[in-house]
There are 2 protein chains.
Amino acid sequence: MSATPSPARRTGGRSAAVLAAVRSAVEELVQERGSGQVTIPMVAERAGVNPTSIYRRWGDAPSMINDLATYRISPDRPLPDTGDLREDLTRWAQEIIEHFRQPAAAALLRGGAAAAGAGDSDCLRNRRAEATLLIERDGGEVPVEEVIDHVIAPIVYRVLFRPWTLDDELAPALVGRLFAGR
Amino acid sequence: MSATPSPARRTGGRSAAVLAAVRSAVEELVQERGSGQVTIPMVAERAGVNPTSIYRRWGDAPSMINDLATYRISPDRPLPDTGDLREDLTRWAQEIIEHFRQPAAAALLRGGAAAAGAGDSDCLRNRRAEATLLIERDGGEVPVEEVIDHVIAPIVYRVLFRPWTLDDELAPALVGRLFAGR
DNA sequence: TCCCTAAAGCAAAGATCATTGCGTTTACGT
DNA sequence: ACGTAAACGCAATGATCTTTGCTTTAGGGA
């Protein structure tokens with residue numbers, strides 16, 4: 001008996017192609033119509049995929065959107081590492097801001113917010129994990145909660161409700177304020 | 001000729017009753033199933049109202065949810081006025097936190113977030129107007145943007161993604177930090 | 001390369017949603 | 001009180017979504 005009965009998932013080839021097509025279609029549609037107006041048959045048609053495939057993989061539209069929103073930024077990209085925590089945080093925040101300046105990414109985040117609170121869905125958990133990593137690597141002088149409240153939260157708020165306020169001064173300003181009060 | 005041709009809207013009596021019933025039904029359903037899974041026929045049934053009435057008044061579910069989310073807190077309730085800006089902000093933040101600790105209110109905010117970005121929908125605009133009022137009344141020592149970034153945004157972030165972290169120390173902590181760096 | 005079967009595609013049936021025309025109720029101005 | 005028309009309710013229709021059983025394709029281990 002092997003430890004893993006190994007259901008042998010098949011993630012490559014055709015499945016990967018379907019995933020990619022669905023991903024693009026969802027991003028386009030969520031941006032065009034808002035997450036609440038995106039249906040699975042719609043996505044299927046634009047992706048050139050059979051609706052059944054989507055129903056079987058995700059079940060419903062909110063789950064699908066939330067899942068795609070969670071993995072929109074590559075979770076294993078390299079994080080800034082200059083040796084200076086403040087500099088690292090600033091560059092990292094800047095990355096996030098630039099990412100969410102893409103209307104499609106912002107729209108996905110709105111969809112992820114809608115799905116949050118239910119089950120374990122939290123499309124920003126990877127961002128929090130990154131913050132923890134950055135901070136602990138540099139000795140943990142700053143509590144993670146502070147970074148969440150005063151760097152991530154303002155960015156997320158602006159992405160969701162006031163996306164036109166995401167300018168290039170924001171990252172240094174937020175991180176600056178984080179270090180000002182200590 | 002009167003300035004307003006006065007289409008003579010009818011907001012009282014039966015219409016008000018329908019609105020109230022729909023409001024309750026939406027809050028319950030959004031909380032139970034998430035905003036993405038709430039349909040108009042569903043709301044109509046629970047509210048004991050004809051679906052057509054809802055379709056005609058709001059058009060679709062996201063618009064309905066966003067609209068109800070916007071006016072969930074009475075826009076003309078009295079704001080704290082102790083003469084001390086810091087104290088006023090703390091109490092005001094506390095009010096908001098207590099409001100969004102109600103799961104139904106949090107669920108509505110998630111729905112509002114989903115609808116944001118499209119059109120003029122921004123279910124938090126009244127909160128920002130209140131912040132502006134509080135600050136300008138007391139001489140405007142604190143920029144409104146700072147209150148948004150460091151008080152509203154952290155609260156909203158937690159409501160959306162980590163509602164169990166909304167404790168009683170949050171309001172004083174956030175406002176305290178706002179005044180610490182100056 | 002050959003199997004095994006996970007995952008995709010297809011098609012049909014059933015459920016649910018959205019729209020529209022028309023009659024009824026009733027809020028609001030006079 | 002009365003009249004007007006706004007808002008609601010009802011019912012029928014067409015569109016759209018969802019589910020399900022079956023077939024076909026092709027990923028990945030032996």
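In this predicted model, α3(A) supplies the largest share of the surface near DNA strand C, four residues (near: a heavy atom within 4 Å; helices are DSSP runs of H or I, at least four residues, numbered from the N terminus). In total, 24 residues surround DNA strand C, and the closest are A:R10, A:R56, A:R57, B:R10 and B:Y55. Of the DNA strand C atoms that come within 4 Å of the protein, 62% belong to sugar and phosphate.

Polar contacts are pairs of N or O atoms within 3.5 Å; within protein, one must be able to donate a hydrogen and the other to accept it, and residues adjacent in sequence count only through two side-chain atoms. A polar side-chain atom of A:R10 is placed 2.6 Å from a base oxygen of DNA strand C. On the backbone side, a polar atom of B:T11 lies 3.1 Å from a phosphate oxygen of DNA strand C.

Between the protein chains, about 3100 Å² is buried, with carbon and sulfur atoms giving 55% (accessible area, 1.4 Å probe, lost on putting the two parts together, summed over both). In chain B, B:Y157, B:F161 and B:R177 lose the most area to chain A, together 26% of what that side buries. Eight salt bridges are counted between chain B and chain A (Lys or Arg side-chain nitrogen within 4 Å of an Asp or Glu carboxyl oxygen). One of them joins B:E145 and A:R158 at 3.4 Å, N to O.

Residues are numbered from 1 along each chain as its sequence is written, and chains are lettered from A and ligands numbered from 1 in the order written. Local features need pLDDT of at least 70 and side-chain atom pairs 80 or more, while totals for chains, interfaces and linings use all residues; side-chain values use heavy atoms, without hydrogens and water.

Conventions. Helices (H or I, at least four residues) and strands (E, at least two) are DSSP runs, numbered from the N terminus.
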